[in-house]
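Visitor: Hi! I'm new to this one and would like a friendly tour. Could you show it to me?

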There are 2 protein chains.
Amino acid sequence: MPVPVEFWFDFASTYSYVAAMRVEAAAAAAGVPLLYRPFLLGPIFAKQGWNDSPYNLNPARGRYMWRDIERLCTTHGLPFRRPSRFPRNPVLAARVARAASEESWLPAYIRAVFVANFGEDRDIADEALIGGILDTLGRDGRGTISAALDAEQRGRLREQTDSAWKIGIVGAPTFVVNGELFWGQDRMDEAFAWGRS
Amino acid sequence: MPVPVEFWFDFASTYSYVAAMRVEAAAAAAGVPLLYRPFLLGPIFAKQGWNDSPYNLNPARGRYMWRDIERLCTTHGLPFRRPSRFPRNPVLAARVARAASEESWLPAYIRAVFVANFGEDRDIADEALIGGILDTLGRDGRGTISAALDAEQRGRLREQTDSAWKIGIVGAPTFVVNGELFWGQDRMDEAFAWGRS
């Protein structure tokens, strides 16, 4: 019986983008159920003593990452335009995703937000942008955002971020299978293999 | 015409161990020439503001790494015993490897040192240990070490470490192909694919 794979991601994370665009197909190919777990890297980085992305704090790592992401996008046929601001504020997009955890349109929403951020250099903190994505998916953008911003939903995203730290997540994306963590887009196949075994 | 893949590694690095044990076979399977590039992570970490392994400085990252390494060793059938001291001082082992860059016994030496460190919890800073490995490979252990410790050879390892930083290496293992960097044991296949293309 395959064990579900949880995909923990942050909308501002470059490697989460590469994984998010491929994870649905990988889960289907593996025959493993997939669960989306949006969370916020900001508080996780703060716990590790960083007040910004490590790719900004450490320019050598940043240079490597941007070249690597460009190359990965080419390899996987993903649109890429280096964001004029990095990281973008992912909170609004993540609240909507957390509130939509049971919705069938969630995977399409996630991919559309990531493409806006890393394929089109658009500001995913903008309510008009997120609303437009939701409208395109046949939702009521304004109403969906408004529901996602109520206190209870905000609390759920905070709890999910707390959970991420408690189970040992230190970066994104992380795949979690039966309590085992696999950190990095390059570990996706191993995570699915673990779910099948 | 396949381009050589350079394998940049540090004997104290856990992920370098996993890669080092598999890289020769991967290069042969890909039909790509392999060049070993021992260097020292210590100065590279210092440039990034760290005076110790990030896995020690950041306990959450350390916990993840040790579990991941144990799992990778199981997956790839590699011996693993968590070193009682981490990181071990890799300087002696690296000087010998740098001095032996043209020797046919180099790959076997590298694997033996890594197994001593991560499969047997032995101290790779110990001249007797390194000498014993060299003797087993049919070399004159004492003489080989003595030659590796002369000023010129020491300088070569220092230069190689300086080169690592200059070309943008921030961690180990890193595969370098035609100026492209692939950081992480999990990127080995992509590096060899790049060398073939």
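Guide: Let's begin with a term for later: a crossing of two helices is left-handed if the near helix is turned anticlockwise from the far one by less than a right angle, and right-handed if clockwise. Now some ground rules: this is a predicted model, where local features need pLDDT of at least 70, side-chain atom pairs count only at pLDDT 80 or more, and totals for chains, interfaces and linings use all residues. Residues are numbered from 1 along each chain as its sequence is written, while chains are lettered from A and ligands numbered from 1 in the order in which they are written.

Visitor: Thanks! How many helices and strands are there in chain A?

Guide: Chain A has 10 helices and four strands. Helices (H or I, at least four residues) and strands (E, at least two) are DSSP runs, numbered from the N terminus. From that end, the order is β-α-β-α-α-α-α-α-α-α-α-β-β-α.

Visitor: And why is chain A called as compact as a globular protein of its length?

Guide: Its radius of gyration is 16 Å, close to the 16 Å from the globule rule for 197 residues, so chain A is as compact as a globular protein of that length. The radius is taken over C-alpha atoms, and the rule is 2.2 Å times the number of residues to the power 0.38. Of the 197 residues, 42% count as buried. Buried means 20 or more other C-beta atoms within 10 Å of a residue's own, exposed means 12 or fewer, and partly exposed is in between, with C-beta atoms placed from the backbone.

Visitor: Back to that crossing. Which way do α7(A) and α8(A) cross, left-handed or right-handed?

Guide: The crossing of α7(A) and α8(A) is right-handed. Helix α7 covers residues 127-136 and helix α8 residues 141-148 of chain A; their axes come within 8 Å and cross at roughly 120°. Axes here are lines fitted to C-alpha atoms, for helices over the stretch in contact, and angles run from 0 to 180 degrees between N-to-C directions.

Visitor: Which residues make the contact there?

Guide: Among them are A:I130 and A:L134 of α7(A), and A:T144 and A:I145 of α8(A). Two residues are in contact if their C-beta atoms, placed from the backbone, lie within 7 Å.

Visitor: Is A:T144 buried or exposed?

Guide: A:T144 is buried, with 22 other C-beta atoms within 10 Å. Leaving out residues up to four places away in sequence, A:T144 touches A:V96, A:L134 and A:R139.

Visitor: New topic! How can chain A be laid on chain B?

Guide: A turn of 180° and a shift of 0.0 Å along the axis does it, with an RMSD of 0.0 Å. That is the relation of a two-fold axis. The superposition is by least squares on the C-alpha atoms of residues with pLDDT of at least 70 in both copies. In chain A, the C-alpha nearest the axis belongs to A:D186, 3.1 Å away.

Visitor: Last one: where is the cis peptide bond in chain A?

Guide: It joins A:F86 and A:P87, with omega about -10°. A:P87 sits in the loop between α4 and α5 (91-99) of chain A.
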